[in-house]
Amino acid sequence: MSELHISTEPITPDAGDSGSSGILGVVTVRGTLDFITHETASGLFDKAFAQYGPHLVMDLLGLDFLDSRATGLLVSCWKRALDEGGWLALVALEKGAARALWITGLASHVPVFPTVEAALAAAPPRAAQ
């Protein structure tokens with residue numbers, strides 16, 4: 001397993017393609033997301049919400065490991081985005097570490113896309129920030 005790396009970047013979707021406007025935050029997660037890194041990840045996700053608001057795409061393609069506690073953290077982020085009037089999507093494939101999203105049924109509730117581009121294209125319309 002490898003250590004946790006989380007980075008963020010603002011993306012302004014092309015309103016002509018997706019109907020979305022305003023800035024979305026793309027949170028890229030690489031390495032291990034588990035009970036050891038949970039607290040660090042939670043703090044970094046809080047910073048992403050503070051910086052970009054509740055409009056986030058979480059790119060999980062670089063995960064090496066995802067445990068049940070980390071899956072719960074993703075559920076909390078998704079619920080927070082909805083509660084704050086936003087939208088959160090995950091970028092993952094049904095293999096490797098992210099397979100847990102399908103095993104737990106989370107992928108049937110949270111929007112999951114195979115690429116960041118697909119997630120951005122599916123972002124719902126919202127007012128510009």
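Which residue in S4 is the bridge partner of Val57? In this predicted model, the partner of Val57 is Ala89.

## Basis of the model

Residues are numbered from 1 along each chain as its sequence is written, and side-chain values use heavy atoms, with hydrogens and water left out. Because the model is predicted, local features need pLDDT of at least 70 and side-chain atom pairs count only at pLDDT 80 or more, while totals for chains, interfaces and linings use all residues.

## Parallel strands and their crossovers

Strand S2 (residues 24-33) and strand S3 (residues 55-66) run parallel and are joined by eight bridges, with Thr28 standing opposite Asp59 in S3. Strands S3 and S4 also run parallel, and five bridges join them; strands count as paired if DSSP finds at least two bridges between them. Strands (E, at least two residues) and helices (H or I, at least four) are DSSP runs, numbered from the N terminus.

S2, helix H2 (residues 38-52) and S3 form a right-handed β-α-β unit, and the crossover from S3 through helix H3 (residues 68-83) to S4 is right-handed, meaning that, with the strands pointing away from the viewer, the path from the first strand over the helix to the second runs clockwise.

## Aromatic contacts

The structure holds one aromatic pair: the ring centres of Trp87 and Phe113 are 6.3 Å apart and their planes stand at 50 degrees, so the pair is tilted (centres within 6.5 Å; planes under 30 degrees apart are stacked, over 60 edge-to-face, the rest tilted). Because Trp87 lies in S4 (residues 87-91) and Phe113 in S5 (residues 112-113), the pair ties together parts that are 26 residues apart in sequence.

Technical notes. Rings of Phe, Tyr and Trp (its six-membered ring) pair if their centres lie within 6.5 Å; planes under 30 degrees apart count as stacked, over 60 as edge-to-face and the rest as tilted.
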